[in-house]
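Keep the sequence and the 3D view side by side.

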Amino acid sequence: MAALETRECETEGCNSEAKLQCPTCIKLGIQGSYFCSQECFKGSWSTHKLLHKKAKDVVNCVEQDTNTDPWPGYRYTGKLRPHYPLTPKRPVPGSIQRPDYADHPMGMSESEQSLKGTSQIKILTNDEIEGMQTVCKLAREVLDIAALMVKPGVTTEEIDHAVHLACTARNCYPSPLNYYNFPKSCCTSVNEVICHGIPDRRALQEGDILNVDITVFHNGYHGDLNETFFVGEVDEGAKRLVQTTYECLMQAIDAVKPGVRYRELGNIIQKHAQASGFSVVRSYCGHGIHKLFHTAPNVPHYAKNKAVGVIKPGHVFTIEPMICEGGWQDETWPDGWTAVTRDGKRSAQFEHTLLVTETGCDILTRRLDDNGRAHFLSFM
Amino acid sequence: MDEEDCPELVPIEKTTDGPSSQIPVTIITGYLGAGKTTLLNYILTEQHSKRIAVILNEFGEGSALEKSLAVSQAGELYEEWLELRNGCLCCSVKDNGLKAIENLMEKKGKFDYILLETTGLADPGAVASMFWVDAELGSDVYLDGIVTVIDAKYTMQQLTEEKPDGLVNEATRQVALADLLIINKTDLVSEQELRKVRDTVGSINGLVRILETQKARVDLSQVLDLHSFDIKDVTRLSEKLQLVKSTHPHLDKSILTVTVEMPGDVSEDRLNLFIQDLLWEKNLKNKEGSPMHVIRLKGILSIEGKGQRVMLQGVHELYELEETPEAWGQEEPRVNRLVFIGRYLDRDILRAQFTTTLLNKEDSKT
């Protein structure tokens, strides 16, 4: 990661090294307003201030009392803003089996907490495997429904609503709901959001990339998957990012077989991402999943990690690389969930839940129609 | 709003600092009353020009929303708060406590040292794992070492206490994991009793450096900047490994230290399998059939194809092999030295297993 790159003054025609920044731009979240001196800045002030006006207009835009500035003073890393308020918590019919955290006031999972820190990986019995096969198929159905909704003008809350209904219709509890107090039934991550985006009132815009992460709980088991979609027409950079991310996941899956160390998967992913000039998010990793939403093993996606464990038949876990156009560093919004890239550049992700067999693995969350292709491939 | 007025430019905000400004975390453990707090206060007073964070009682089981820590600066002590509950505890690689510390430093500036005092019942290995993060994570902190303080008068009693279910007794584990052991309150015991303590702790942990103090007064250069988990300590480790000998248990069902020394080059692949079998699969058993349980592992190895000495570090199940800047000398015989600290260790079996990692004549033919 480079330290300080030398920057050039923004003023038209001026190529001097810039060591100063416009403070109003910082406040408004406008990137890269660098100038070499106050005089030079004053010279371009009449055109520069138009940037401020433009940004303020965007911020002040109030559609039906939408609040896009819930945390005054917070410096956003990119253009995305939350669009509050959120709709009230959606209820789940009482007949549907609930995970332990669903009714905990802080959304804590006692079952997960009791196993915290252990690296013992569960080997599933045939019955448990059947349970996982079923729930993963259902999770896939829900994602496919969400995929159909992705187009400009649709809000992420509308997608979340459809997801919520699709879950309950299949007798599933939407796993993210109330997990450590997460307020919605799925995660929707737009552009610079790496993961854990909260569905809100924001309408998708042409050119966005959107990841929808679905996890459902059925009959005591969780199934987890996600895909990144194009919203309308996207630029070449977005296509390259999404394609590479998908390849990272598939290459890692190809390597999964008994005897391989979990820590090896990160080497494969990072190698491929870096070859295309992209970086790998370090803070979030793949995880074991079955009766617990998140459990051992821990599967980092970056190279040279110290993950403990060797892949064995009967293990079930996810691989979910998050790949970025710029740097890998992340930060979290004041909502405590939304993870964004520090440099505001875009990030894509793909995820599958895998079952290890004697010779390799089964992709439990694979798509059953369209030859198993990820949705974005139809739009390349 | 006077947006018409041209504002004063401000200096460009620096982005992330390079890894060169990492902050050491020292874990201080020991039973209640041994003198940990006295040691901490002593460090804070002596190092009054530095900005030091002191965290008491390691992070709880996810129920706390916030945790207080004390910051000492310019002789003043004030309180700060770590926000622990930041959303997803699940698929996050870094421990919540670690992230909380990093966030705090980002907001309020970096510390020079971080001291983490754990409760008497804590497993310092688990706390160490929190901070022994992969270099690739580019964390602002690094694990410097584990300092255990024991009470010269009561430690024998604490070490011999039997636990139900044959679990390892905490006092013994704290000694086993120590990079530095401070035997405190030496003024309260006789020379004979002190010798007994020295011998007993030495039998548990053959690698640890031992300091003897009264009122926890130590030379701080021995306590801070230990670099016990990274390659900066390689020269000292090299020397230490040549001196350490296998120990015999002084106490029943005890933890002891086993050393293995063997010339030759090892195959990196087979070495990884050996360590995995030992630490993860726990396949290696002693002659009575009990699986060996390694708590701490350190070594310097000669790996086939590498001209630099390779350092091996392990705590519980975490381990790391890292090339050090020290090269093997041209004329120097390449000798692998490993030290294992743990329970049910059997030197003969460990030696035999380690031998399988060495390159033999068949390997060199390819």
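Glu351(A) is buried, at a relative accessible area of 1%; buried means under 20%, exposed over 50% and partly exposed in between, with a 1.4 Å probe and protein chains only. The model is predicted, so local features need pLDDT of at least 70 and side-chain atom pairs count only at pLDDT 80 or more, while totals for chains, interfaces and linings use all residues. Side-chain values use heavy atoms, without hydrogens and water, and residues are numbered from 1 along each chain as its sequence is written, with chains lettered from A and ligands numbered from 1 in the order in which they are written.

Glu351(A) sits in the loop between strand S17 (347-349) and strand S18 (352-356) of chain A; strands are DSSP runs (E, at least two residues), numbered from the N terminus. Leaving aside residues up to four places away in sequence, Glu351(A) touches residues including Asp224(A), His287(A) and Glu320(A), where contact means heavy atoms within 4.5 Å.

Glu320(A) is also in a loop, between strand S13 (316-319) and strand S14 (322-324) of chain A. Glu320(A) is buried, at 5% relative accessibility, and its contacts include Asp224(A), His287(A) and Glu351(A).

An unreviewed UniProt entry annotates Asp224(A), His287(A), Glu320(A) and Glu351(A) as "binding site". They span 128 residues in sequence, but no two of their C-alpha atoms are more than 10.8 Å apart, so they gather at one spot. Such annotations may be inferred rather than shown by experiment; the positions follow the numbering used here, and feature names are shortened.

How values were computed. Helices (H or I, at least four residues) and strands (E, at least two) are DSSP runs, numbered from the N terminus.
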